Amino acid sequence: MARDPKYDVLFEPIQLGPKTLKNRFYQVPHCIGAGSEKPGMQAYHRGMKAEGGWGACCTEYCSIHPESDDTSRVSARIWDEGDVRNLAAMCDRLHEFGALAGIELWYGGPHAPCMESRATPRGPSQIASDFELNIFPRYMDQDDIDTVQQMYVDAAVRAREAGFDIIYVYGAHAYLPFQFLSPFYNRRTDKYGGSFENRARFWRESLYKVREAVGDDCAIASRFAVDHLLGPISIQVGEDGARFVEYCDDLVDLWDFTVGDIAEWGQNAGPSRFFEENHEKPYTGQLKAGNHTNKAVVGVGRITNPDTMVAIINSGQFDIIGAARPSISDPFLPQKIEEGRFDDIRECIGCNQCISRWEIGGPPMVCTQNATAGEEYRRGWHPEKFHPAANRDKGVLVVGAGPAGMECAMVLGKREMSAVHLVEGAREMGGSVNWISQMGHSDGKENLFRGSARGLGEWKRIVNYRQIQLDKLSNAEVHLGSRLSAEDVFNYGAEIVVVATGCHFATDGLNAATHEPIEGADATLDWQLTPDEVVGETKRVGKRVLILENEAYFMGVSVAQKLAGEGHEVTFVTQAAEIANYMDYTLEAPMLHRDLDRLGVDIHTYTMLEKIEPGVCHAYDVWNPAHKTQFEVDTVVLCTARISDDELYRELKADPDRLQQEGIEGLYIIGDAAAPRMIVDSIFDGHRLAREIDSPHPEMPLPFIRERRLWGDSTNDDYRAQLLNTVDVG
Amino acid sequence: MKIVVPVKQVAALDDEFELLDDGSDVDPDFVERDLNEWDAFSLEAALQLRESTGDGEVIVITIGDDEAEEALLGCLARGADRAVRIWDESLAGADPLAIARVLSAAVGRENADLVMCGVQSSDAVNGATGIALAGYLEMPHVAVIKQLDYDPASSTATVKRELEGGLVEVLRIRTPALLTIQTGINEPRYANLRAIKQAREKPLDVTTPDELGVDSGAIAAAAGSRRRELKHPERGEGAEMIDGSPAEVAARIVEIVRERMSG
């Protein structure tokens with residue numbers, strides 16, 4: 001279908017210094033876990049977006065020198081010729097599709113702990129990092145300043161050699177240039193401290209030197225947090241924020257605006273739980289609208305809606321639509337808008353699983369919506385191309401339409417299996433997503449730092465996307481409200497059976513801390529609940545509620561938000577040090593803490609229950625079990641172990657003769673039914689099986705390419721030839 | 001007992017579609033074909049009746065070209081015993097009365113105890129074929145049934161219809177009879193893969209109006225109407241599209257309501 005003229009503005013080229021950006025879709029720098037050391041992943045992940053129509057794609061933050069070493073978190077590095085060579089692979093791949101390649105030159109100061117290089121980071125003043133644990137920088141004298149600025153220049157020259165078109169001097173997220181600019185970090189009294197001009201001097205000089213070195217050949221960009229969100233003690237958009245943009249406007253070809261810092265960068269990469277689309281507009285939208293710049297402006301805000309994009313450009317908020325997460329979730333977003341395929345857009349759900357893996361430090365990026373993200377090179381997976389399965393003459397029955405089952409059925413359908421039946425016992429598709437997406441609300445009062453506890457409603461996009469795709473597949477049928485017995489499955493007539501029947505919460509308090517049930521725990525009683533029962537409002541909840549949290553992710557705290565928001569007195573007990581450890585990785589934790597504090601939730605960490613009685617819970621300190629506490633409560637919520645619903649699979653598997661007699665050649669179990677896990681991993685599991693349904697042993701994942709240095713192997717010229725499964729990606 | 005279920009393969013439109021140049025119909029490129037939603041319920045009612053009485057036969061009949069066979073195969077997979085497809089190019093674009101006339105010849109030779117039609121088809125929405133068929137067959141009939149109880153001993157059906165205001169009308173009808181079935185009366189079953197494969201082994205007769213003894217003159221005589229043109233409605237005047245953020249849209253709506261209220 002031809003493009004709707006309404007969206008033409010998104011496809012107009014724009015000049016960035018010596019370079020032309022072919023349209024207004026721009027993948028801003030974001031981490032993927034590739035850096036310079038997994039060149040295949042780097043080239044093929046970014047390249048996939050170029051293939052999907054993005055006008056430019058950038059590296060993640062790219063260290064300019066071993067003094068800026070973020071190990072174990074994975075940054076790119078452009079320290080030497082080897083890095084040039086590895087990052088050139090990304091540039092080449094982007095250029096094949098006519099996209100520009102951007103590199104974000106980074107010096108972290110005290111925010112880079114240098115655990116691999118053992119170097120000493122330098123900083124404007126000797127103040128410990130507010131992000132790292134006890135990392136102090138060395139105070140920079142004039143020689144240090146000259147040295148670090150030369151590092152930027154040398155890195156920029158290497159970047160040009162690698163083939164980069166856009167070169168950043170990265171100052172957002174409170175890295176070194178911003179540390180000079182902000183009085184929160186900068187306590188100097190020389191010409192680099194004090195007045196605005198003095199504080200801006202380091203950044204301006206660095207930009208000037210980089211521009212002098214490569215500005216004729218490359219577009220110069222800067223990423224700038226226009227507001228630190230700390231109030232008058234640091235940069236505010238209406239004060240030094242706008243002033244800085246005006247002051248350095250002559251030195252850049254492109255501004256990339258954000259807010260906040262690395263210590264709480266969830267204010268920038270806002271999770272959907274607290275932030276809506278285009279949430280940075282009140283800050284980043286002021287610069288262009290207020291005529292503070294004459295240069296091109298790119299900005300972000302998890303923008304997935306094409307109409308929002310058009311409004312952003314037409315209203316003069318930004319010139320270019322920036323995206324990190326939406327480009328991961330759908331690398332083909334631009335092409336789908338171009339072709340009017342709006343219902344094929346796989347919208348980011350804002351769960352921040354992608355970010356979590358960077359935060360953990362080391363693992364490759366993942367995406368809940370797009371199971372192929374990060375797998376483009378090592379597994380040869382393409383998000384939009386699915387080659388027909390070698391065994392496509394087979395009929396498939398997928399039992400259970402939760403995240404794993406939906407994904408598996410969809411991919412099997414796209415791989416042209418002769419028939420795919422997705423059969424679900426409930427009346428709607430989605431499994432656990434249907435009730436989980438109702439969580440995350442409290443009382444709806446918008447008095448948090450920014451944003452509000454708007455909940456996990458956008459997670460429902462997991463279901464919507466797959467439902468629409470399945471609906472379009474002529475070889476796929478979805479049957480709801482039909483709970484199959486083993487006998488039904490035997491008689492179904494499918495050659496391949498995939499069991500995706502999910503899991504349930506333990507009702508007896510079985511938990512990861514003690515590996516035992518808890519005395520008196522019994523969620524079959526009317527005053528003890530599992531989390532799904534809280535959402536389903538199937539039992540009356542008393543005034544005083546105790547939540548026992550054992551998952552370390554969103555479940556227990558979401559129950560706390562809901563019940564405290566409804567006016568219950570909530571006591572929150574967990575054996576862990578944190579109330580929801582994984583939400584630190586997803587950047588949801590800071591806002592969550594604010595909400596729970598506001599709601600008056602009584603939190604007890606390092607605490608476990610030993611016995612539950614009507615009206616009272618007996619607890620102990622995990623480091624000193626003799627230290628006991630009692631909580632008088634009316635209702636107990638057991639957010640403890642989850643247990644696979646695998647009876648159907650076990651029953652089928654126990655009768656191999658019957659399987660053979662009925663012509664069932666393959667029987668597989670995926671998702672929570674195999675082992676309870678996060679949604680992102682369930683979807684991956686379903687996708688993986690479907691991608692490899694025609695492999696010799698589909699239950700066993702095929703090996704993936706490991707990008708590692710081979711001992712004694714002096715060359716590695718065939719990195720591209722190593723791409724397995726070149727059918728879809730190649 | 002023998003139950004005949006006339007079904008239709010309807011046209012389901014894509015979100016966006018185009019008409020043929022001569023305006024006679026929707027461009028088939030933008031159409032997907034599917035079993036009429038109402039017919040899934042009438043088939044299910046027939047299958048349940050056959051199952052509850054313990055014996056009998058369910059015959060599905062349709063008028064349509066060879067593409068319509070998919071709908072019949074779907075019915076056979078769900079449990080119908082055999083199928084009949086009637087086609088002749090002269091039936092292209094036939095109106096409900098002409099369709100009913102041809103169906104009456106096919107249904108008539110079956111000596112059915114019950115004929116169960118869907119209330120209407122989702123594409124043409126005439127709601128006429130079933131009742132017209134009852135007319136040709138000179139059968140007693142009840143339309144728009146929400147509940148059905150059949151008593152084999154007395155060969156009578158007690159049926160419920162829903163009227164305005166939620167009133168329920170209860171009727172008793174002696175078979176043979178024709179009933180038109182409303183959606184929601186039951187929960188249509190689906191066919192598993194084995195049943196889909198086995199459906200291809202079940203009898204599916206293909207015949208023509210001529211073979212049924214209905215010549216083109218009879219069809220023409222039965223026809224009551226002919227489609228002159230299919231067109232998009234003319235764009236209404238006075239619609240104001242409101243652009244902007246949700247807050248801006250809400251503000252504009254408030255403004256409009258205030259204007260109208262004060263006017």
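Visitor: How do the axes of helix 6 and helix 7 of chain A cross?

Guide: In this predicted model, the axes of helix 6 (residues 237-248) of chain A and helix 7 (residues 281-289) of chain A come within 10 Å and cross at roughly 45°.

Visitor: Why is helix 6 of chain A called oblique to helix 7 of chain A?

Guide: Angles under 35 degrees count as roughly parallel and those from 65 to 115 as roughly perpendicular. The crossing is at roughly 45°, and therefore helix 6 of chain A is oblique to helix 7 of chain A. The crossing is right-handed.

Visitor: Which residues make the contact between helix 6 and helix 7 of chain A?

Guide: Helix 6 of chain A contributes Val237(A), Ala242(A) and Val245(A), while helix 7 of chain A contributes Tyr283(A), Gln286(A) and Leu287(A).

Visitor: What classes do the residues of this helix contact divide into?

Guide: Five are nonpolar, one is polar and none is charged.

Visitor: How do you know that domain 1 and domain 2 of chain A are in contact?

Guide: Residues count as in contact if their C-beta atoms lie within 7 Å. Nine residues of domain 1 of chain A are in contact with 11 residues of domain 2 of chain A. On the domain 1 side, two are nonpolar, four polar and three charged. The C-alpha centres of the two domains lie 39 Å apart.

Visitor: How many residues of chain B are in contact with chain A?

Guide: Five residues of chain B are in contact with nine residues of chain A. The chain B side has two nonpolar, one polar and two charged residues.

Key:
Residues numbered from 1 in each chain as written. Chains lettered and ligands numbered in written order. Predicted model: local features only at pLDDT ≥ 70, side-chain atom pairs only at ≥ 80, totals over all residues. Axes fitted to C-alpha atoms, helices over the stretch in contact; angles between N-to-C directions. Helix = DSSP H or I, 4+ residues; strand = E, 2+ residues; numbered from the N terminus. Parallel < 35°, antiparallel > 145°, perpendicular 65-115°, else oblique. Left-handed = near helix turned anticlockwise from the far one by under 90°. Contact = placed C-beta atoms within 7 Å. Nonpolar A, V, L, I, M, F, W, Y, C, P; charged D, E, K, R; others polar. Domains from an automatic or database assignment.
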